[in-house]
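Let's take a walk through a few spots in this protein model. Have the sequence and the 3D view open as you read.

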Amino acid sequence: LGALLPGAAGGGRAAERSRRSPPRSLQGAGSLTLRVRSRAGVLQWVRVLLRITPRPPRKPRLERAASLDEKNWRRWRRFRTSQESLTDPNETSSSNGSLQEASLSPPVRGRATPCSQCCEPNSLHSSPDASEASPMGKSRGSTSDLGKRASEISSAFGGLLRGKAFAGSKPRLSQIMPARPLPPMELNVASHTLRTANRIDSDFMDYRHYSQHKFGRVSSSLSDTRLHGNGMVYDNCSTDSMKSTFSLLTPIRSKDVRSRSYLEGSLLANGALLGAEELSRYFPDRNIGIFVATWNMQGQKELPLNLDDFLLPTDPDYAQDMYVIGVQEGCPDRREWEIRLQETLGPHYVMLYSAAHGVLYMSVFIRRDLIWFCSEVEYATVTTRIVSQIKTKGALGICFTFFGTSFLFITSHFTSGDSKVNERKLDYNKTIQALTLPKNVPDTNPYRSSSSDVTTRFDEVFWFGDFNFRLNKDRETVDSILSQNPETGVSKLLAYDQLTSEMSRGSIFKGFQEADIRFRPSYKFDIGKDSYDTTSKQRTPSYTDRVVFRSRYRDDIHAVKYSSCPVIKTSDHRPVFALFRVKVRPGRDNIPLAAGQFDRELYLIGIKRRITRDLQNRRVQKDQKSSSICSIS
């Protein structure tokens, strides 16, 4: 085209004429024919091309919603494909359809081609050989820069209109660089940074790359779920990647199932049910949360309407792994009490075991996922009264092994009376000697056990109940201390506490500890009120309800909270509870396991009641929001 352009002298007049007159011929909606005879005609033709309205975008193709990882992978793949097609000398087409070129085909008769007379060998960058080969280029070699620029633009637009570029030379574009660095590509599917639940995202970007490398080209519509459903599982996947194949549980190797028994098997071996690997999976820090509570119910038939404040205090953010509740002078209907406990704790917990000794009750609830790691549960009782048939005073013990740590829980009701300290110490000594535990479950460390003290035969011991130890002070002095400052008053009252004094001397609860007391005395209240005893006896408020603990190993038990529940007022005692963090060790599979045993009937009744209660609460809330309308039929 540069050869056809006139000189610079006549270019101005030709351009003025072309501005006054439109192009000579425009034929058809889809075809464009121009006769170029001057430089002004070329410029006018370029302006017409620039005014062409672009085609409307294609309708989007309906497909499934893609995740962010898949969108990033597709964007990266299009970039790599287009980059390879532009740099590969043997490539003849582009994957994204931006520029396509083909060999020069002979002209078709009966159809005019723009600039067919002058721009056959040209491309985006005209080579010097092509310009020299043209006879017209030789005769008009001294063209202006403006003419050269116009010829380049016209040849480019001509190629785009025909849908293909002219042959001659490859379009050489500058390399496109991404706006930000691309994410690293890893061939290992078992990336620990996938998801929190050890689940492989089906659209994770290196998954498709690895599958194509392993199995050849995989259709984009074939998802991970279909691959695994068809049995196409990688032969060299790691354990982490196999976790998402069927469930979130840790996979079990076939050879491990063949080589061991789940009831009695290897000692701390790989894959052991109570071994270190399983313990670390459930408790990475090897600490469990235990809730221990005691409450003297005073034999009342009436139970509190709501036990949430008692069992589920708002201070800790999370519920505990194990709940142990001991009751003295329990309600007549023990089963109803256990149902209320199950209803409050909900479907995440099951009752592992419960036992009774007269009006002494103890219930052990545990998270339903952890029942498989408990041994058989054993219990024993001791009566401290002279007449053994009257079972209002005594002790009840429950023991079991959780993984490799043995637990003993004892709830007691000692002799009452302000001055009967020696009788209470006798109750303690009789309990540790007469409580015959364990029976069948082996001792985890028999070398540190004593036949005369049951508390030495277990790793972790929790003793709680109504110990009946009082304050050695008159009622008026105690009331004045409590009325002055509740926070500083507690520390002053403990100076007169009988149990604190006896424990410091070592005459009772040897080796036991107690968390710091920061709550008011739990005894004795008027039923339904927050005031202490207003009857004629005027009993002195005291810390009768306590929770103490001991461990074979130092710093295994850490007290998180120690408090009372002042909301429950159906008894003259306030419930007292403590939260602990307890260290657990791996164990051996040669112990008698409970094999997931729990009270199924209680679980179903409690869950049914919980659902019924929730439905009733929703119905009440709905009735309060909606207005009542009377209709006459």
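Arg552 touches quite a list of residues, leaving aside those up to four places away in sequence: Asp443, Thr444, Asn445, Arg448, Ser449, Thr456, Arg457, Phe458 and Asp459. Touching, or contact, here means heavy atoms within 4.5 Å. A quick note on the source: this is a predicted model, where local features need pLDDT of at least 70, side-chain atom pairs count only at pLDDT 80 or more, and totals for chains, interfaces and linings use all residues. Residues are numbered from 1 along each chain as its sequence is written, and side-chain values use heavy atoms, with hydrogens and water left out.

Where does Arg552 sit? You'll find Arg552 in the loop between strand S9 (545-551) and strand S10 (557-564). Helices (H or I, at least four residues) and strands (E, at least two) are DSSP runs, numbered from the N terminus. Arg552 counts as buried because its relative accessibility is 8%; buried means under 20% relative accessible area, exposed over 50%, and partly exposed in between (1.4 Å probe, protein chains only).

The side chain of Arg552 also reaches the backbone oxygen of Asn445 at 3.2 Å. A polar atom of that Arg552 side chain lies 3.4 Å from the backbone oxygen of Arg457.

Next stop: helix H13 (residues 334-345). At 1.5 Å a residue, its 12 residues should span 16 Å, and the end C-alpha atoms are 17 Å apart, which agrees. (The expected span is 1.5 Å times one less than the number of residues.) H13 is mostly covered, with 9 of its 12 residues buried; among them are Trp337, Ile339 and Leu345. The cover over those buried residues includes strand S1 (287-296), strand S2 (322-328) and helix H18 (600-625). At the N-terminal end, Asp333 caps H13, with a side-chain oxygen 3.4 Å from the backbone nitrogen of Arg335. After H13 comes Gly346, whose phi is positive, near 85°.

Most residues other than glycine have a negative phi, and most peptide bonds are trans. Here are some exceptions:

| Where | Feature | Value |
|---|---|---|
| Leu437 and Pro438 | cis peptide bond | omega about -5° |
| Tyr523 to Lys524 | cis peptide bond | omega near 0° |
| Arg286 | positive phi, not a glycine | about 60° |
| Gln298 | positive phi, not a glycine | about 60° |

Pro438 lies in the loop between helix H14 (421-434) and strand S8 (460-466). Arg286 is in the loop between helix H11 (276-282) and S1, and is partly exposed at 26% relative accessible area. Gln298 is in the loop between S1 and H12, partly exposed at 25%.

Conventions
Polar contact = N/O pair within 3.5 Å; in protein donor to acceptor, adjacent residues only side chain to side chain.
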